[in-house]
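Here is a short briefing on one protein model. Keep the sequence and the 3D view open as you read.

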Amino acid sequence: MLLLGRDVMTPRIAVFSFLVLAVTCVCAEAQAPPAPPAPAGPWTGTIGAGLALTGGNTDTSTVNVSYDVTYDPKTKNVVKSDALFLRGKTDGALTIDRLGFNVRDQYNLTSRMFTYGQLQYLRDTFKAIDFLIAPTAGLGYKVIDSPQTAITVDGGVGGVWEKNPALAVKTSGALTASQRLTQKLSDTAGFVEQVSGLWKTTDLGDALYTFGAGLAAAVTSKTQLKIELLDTYKSKPPSATIKSNDVALIFSIGYKF
């Protein structure tokens with residue numbers, strides 16, 4: 001299922017989130033079988049989905065669909081891709097409609113340093129973004145690279161095309177930077193955190209920032225339960241009536257392959 005908040009999460013949602021998180025971890029530790037050996041093939045990933053329906057004083061429906069795929073033939077080259085679709089209504093009125101997609105081709109130069117090419121896509125109705133496309137390339141470094149903990153940082157340059165309703169496409173050079181943390185908590189649970197920024201070189205004050213943090217716990221050897229916080233901030237929306245910040249709290253069940 002999915003719970004969504006715009007601009008700020010209420011205390012009730014925050015408390016509920018931590019309770020679900022705690023129960024998930026306890027159940028996974030107590031009941032889930034040990035994680036299976038890593039698959040022999042080069043493809044690994046997760047496909048997830050969630051749905052929530054409520055009725056009474058207000059009728060709401062929210063849905064999320066996502067995937068996270070990695071192609072690693074155990075050479076110097078790794079390809080990663082992820083996507084997230086969010087859509088929700090309250091009393092028949094659309095309250096969220098967002099699609100984000102990323103694909104990255106990463107090549108290891110050394111055991112710690114890598115170069116990459118990346119394509120980012122975003123469509124967000126409530127940020128008045130018909131589309132934002134940003135192909136970039138750059139360098140990254142693995143600050144920590146162990147089976148338990150992995151931290152990477154990277155930066156790149158490229159271009160960005162953004163289309164807003166009733167406006168012409170805006171084209172600019174782009175600068176990017178990101179940081180990602182992956183922490184294995186146990187054989188059946190893990191934590192992921194990531195923050196990224198995209199700046200337009202024609203106006204560095206016009207930037208898109210994304211923060212995400214999620215905890216996943218195994219239910220079976222092939223399924224997992226995940227809770228994720230996603231915060232998206234656009235420093236210069238195309239209209240003064242559009243708020244800069246959106247926060248989503250996402251619950252989903254995923255299938256691992």
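Where does lysine 74 lie? Lysine 74 sits in the loop between strand S3 (60-71) and S4. This is a predicted model, in which local features need pLDDT of at least 70, side-chain atom pairs count only at pLDDT 80 or more, and totals for chains, interfaces and linings use all residues. Residues are numbered from 1 along each chain as its sequence is written, and side-chain values use heavy atoms, with hydrogens and water left out.

**Confidence**
- The chain has an average pLDDT of 87, and 84% of the residues score at least 70. pLDDT is the predictor's confidence in each residue, from 0 to 100.
- Across residues 1-32 the pLDDT is below 50. That stretch still has 61 contacts in the model beyond near neighbours in sequence. Contact means heavy atoms within 4.5 Å.

**Loop residues with positive phi**
- Lysine 74 is not a glycine, yet its phi is positive, at about 65°.
- Lysine 74 counts as exposed because its relative accessibility is 70%. The classes are buried (under 20% relative accessible area), exposed (over 50%) and partly exposed (in between), using a 1.4 Å probe and protein chains only.
- Alanine 166, also a residue other than glycine, has a positive phi near 65°. Alanine 166 is in the loop between S8 and S9.
- With 84% relative accessibility, alanine 166 counts as exposed.

**Serine 81**
- Serine 81 belongs to strand S4 (residues 77-90). Strands (E, at least two residues) and helices (H or I, at least four) are DSSP runs, numbered from the N terminus.
- Serine 81 counts as buried because its relative accessibility is 12%.
- The serine 81 side chain reaches the backbone oxygen of asparagine 102 at 3.0 Å.
- Setting aside residues up to four places away in sequence, serine 81 touches Tyr67, Asp68, Val69, Phe101, Asn102 and Val103.

- Strands S7 (residues 129-145) and S8 (residues 149-163) run antiparallel, joined by 12 bridges. Two strands pair if DSSP finds at least two bridges between them.
- Leucine 139 has glycine 155 in S8 as its bridge partner.
- Valine 160 has serine 172 in S9 as its bridge partner.
- The hairpin of S8 and S9 has six residues between the strands, and alanine 166 takes its positive phi there.

How values were computed:
A polar contact is a pair of N or O atoms within 3.5 Å; within protein, one must be able to donate a hydrogen and the other to accept it, and residues adjacent in sequence count only if both atoms are side-chain atoms.
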